[in-house]
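Subject: Handing over the structure

Hi,

Here is the structure I promised to pass on.

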Amino acid sequence: MIQSRTHTCGELRLGNVNERVTLAGWMENVRVVGSNFAFVVLRDFYGTTQIVIETEEMMNIIKGINKESTISVTGTVRERASKNAKQPTGEIEVVPEKIEILGRCIYNELPFEINRSREADETQRLKYRYLDLRNPEVKNNIILRCNVIAALRKAMLEHNFLEITTPILTASSPEGARDYLVPARKHPGKFYALPQAPQQFKQLLMTSGFDRYFQIAPCFRDEDARGDRSPGEFYQLDMEMAFASQEDVFSVIEDVLPPIFAKYGTYNVASSAPFKRIAYNDALEQFGTDKPDYRIDLRIQDITKLVAGSEFAPFAEGNTVKAIACSGCELTRKHIDKLCADVEVQAGSKPYWFKVEADGSFAGGVAKFMTPHHDAVVEALGLTPGTLIGIAAGKKSAAQKTAGVMRKMLGALVPGHMDKERYEFCWVVDFPMYEIGEESGELEFCHNPFSMPGGGAETLRKAIAGEIDPLTITAQQYDLVCNGIELSSGAVRNHDPEIMIEAFRLVRLGEEDVKKKFPAMYNAFCYGAPPHAGIAPGVDRMVMLLAGEDSIREIIPFPMNKNAQDILMGAPGTVTDRQLEELHIKVDIDE
RNA sequence: GGCCCGGUGGUGCAGUUGGUUAGCACGUCAGCCUGUCACGCUGAAGGUCAGGGGUUCGAGCCCCCUUCGGGUCGCCA
């Protein structure tokens, strides 16, 4: 029978002096200061408390156990002779009369030191995640995650949204990412799929008459990981609203997110409603990305015409030339070269540069090719001495991307161009509905084929009739971006089967294709669907931003590694032949 | 799948043009220490330098292959 705790390890203060208490926790550290005199640091979820060892009996118990064992300590609270102002419990200590060993740590050396686990090798951290999570810094991110999710849920309920769970085992969808498949025991050769998002279910809910739906929804996509993208699974704050426009969705998000970001974020400043808005094409022009970071004041400018006729090969006719002028730049030649190399790695093409000397002349990098256009360039870019100009040249999309990467790096590197400690939201709007596919060379859907086109069916018919260029058709689709990180896509959905068919007709598909690919949704929409719109901000990404972490794994309780392996549980793993047999699965691996 | 970076006692790192016994910090163990709080001091143990092959009189270091990890591009309606 274990003595119950009377207090937690973060709780005792001077007011508790002389009380008889029982604490329980992990033995974090032992500082032996004399013979039969030592201090034990006892840690639980709530904090740490100092236990003072003054007798041979207690000393023998402590010496018999390894650090990180769990113990229960019963004793008297005493005012410390030497207090520690840095600790909440630093004014008191507990003098034990009984120490009970609850759970031994049988190893005297751990895979890493608990309070420095963030410095340890990540594979070790993941393998021993239960030890890693003992580190308060690591644990606090998980607590933050809980608080953020609770706050999101509360805010959504207050906005009259209904939380509805949708199936985890569902049908494979031909669109989007690679599915995770689950073999169906009762249906040989057939498979369930885990949902990439509850997209179709929430649209069906709208058709059923649920006016406002939300869910902290698990989503599964079998795609490769990134620093800000966990492999396999992640969570979205998925929401959908009936009889709603883009503006209705925006106002809910602008109402819900900023207070939560301001309250729980590392930075406690968040942009308020209305968020900045920028058209997709303008974002590419000015920021070189569809994920603009508005905290950086630099903007990309087009100087293609200014340098026309230059001898410099990358400026040749047909190429696009972009410039990003960064004033007050004192980077040395060595740093500039490093910057350009980093840009090339991230952007995939090489940037160029020059700078403006004190006397106004151009120097360094491609200065030789810019000097002939000196006055025009100075005027167009508003150049002053001490300005570094990054240049990107090539195909339009590559030049934009390169300039965009350079913009972010310069903003982070050169003082005075980035107001870092804030959350700056923006909406990217007016996405193109169609694009020319790089492989096919033909017209394809740019993003989600189920977004409502800007002009509805009429615009589509004109495009089919050849009266307007289909590439100019926009979708009522939007991205939510915060500090250069994409939090979400959303759209006003296409709820009209007729418009849906017109939209498909433009990419040489027809009614049969719509019915075949999304039968449930198409059928449902034929029974009277409300216009509806929604969005699904990534919960993990939001928590990552709020925690100020660069890796998404820091805010997931049990993350998988880059290769989608759960090192701790050993997933994925092999299964027995009997299991495979039941599922009608034969494993046949080549090589 | 492409490219980049990395793998050195339990942990984190250093290791010079390739040259004697692979060094530092933390941790562990032992001794000393009665007010520590990242306790301190003294000492000790602990290494297949990821694996394999090659160059060389000689490889932790140079080359090739393999493997594992991280980043990035592709990919992510």
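Predicted model: local features only at pLDDT ≥ 70, side-chain atom pairs only at ≥ 80, totals over all residues.

Below is what I found, going from the overall layout to the details.

First, the ground rules. Residues are numbered from 1 along each chain as its sequence is written, and chains are lettered from A and ligands numbered from 1 in the order in which they are written.

**Overall layout**

Chain A has 591 residues, and 36% of them are buried (20 or more other C-beta atoms within 10 Å of a residue's own; exposed is 12 or fewer, partly exposed is in between, and C-beta atoms are placed from the backbone). Along the principal axes, its C-alpha atoms fill a box of roughly 95 × 75 × 55 Å. There are 17 helices and 24 strands in chain A; these are DSSP runs numbered from the N terminus, with helices being H or I of at least four residues and strands E of at least two.

**Around the RNA**

Sorted by class, the surface near RNA strand B has 23 polar, 17 charged and 13 nonpolar residues (nonpolar is Ala, Val, Leu, Ile, Met, Phe, Trp, Tyr, Cys and Pro; charged is Asp, Glu, Lys and Arg; polar is the others, Gly among them).

**Three helices**

Helix α8 (residues 333-347) has 15 residues and should span 21 Å at 1.5 Å a residue, which agrees with the 21 Å between its end C-alpha atoms; the expected span is 1.5 Å times one less than the number of residues. Leu339, Val343 and Ala347 are buried in α8. They cover an arc of only 50° around the axis, so they sit on the same side of α8; the arc is that of the directions from the helix axis to the C-beta atoms. The buried residues of α8 pack against α11 (396-413), whereas Lys334, Ala341 and Val345 are exposed on the other side of the helix. Just after α8 comes Gly348, with a positive phi of about 90°.

In α7 (residues 280-287), Tyr280, Ala283, Leu284 and Phe287 are the buried ones. Their arc is 105° seen down the axis, so they line one face of α7. Their cover includes β11, β12 (300-302), α11, β17 and β18. Gly288 follows α7 and has a positive phi, near 70°.

α6 has 19 residues and reaches 27 Å from its first C-alpha to its last, close to the 27 Å expected. Its buried residues include Val249, Phe250, Ile253 and Leu257.

Most residues other than glycine have a negative phi, and most peptide bonds are trans. Here are some exceptions.

- Asn18, in the segment before β1, has a positive phi near 80°. With 8 C-beta neighbours inside 10 Å, Asn18 counts as exposed.
- Asp430, in the loop between β17 (425-429) and β18 (431-432), has a positive phi near 55°. Asp430 counts as partly exposed, with 19 C-beta neighbours inside 10 Å.
- The bond from Ala273 to Pro274 is cis, with omega near -10°. Pro274 is in the loop between α6 (246-264) and β11 (276-279).
- Ala571 and Pro572 are also joined by a cis peptide bond, with omega about -5°. Pro572 is in the loop between α16 (539-547) and α17 (577-582).

Cheers

Note on methods:
Contact = placed C-beta atoms within 7 Å.
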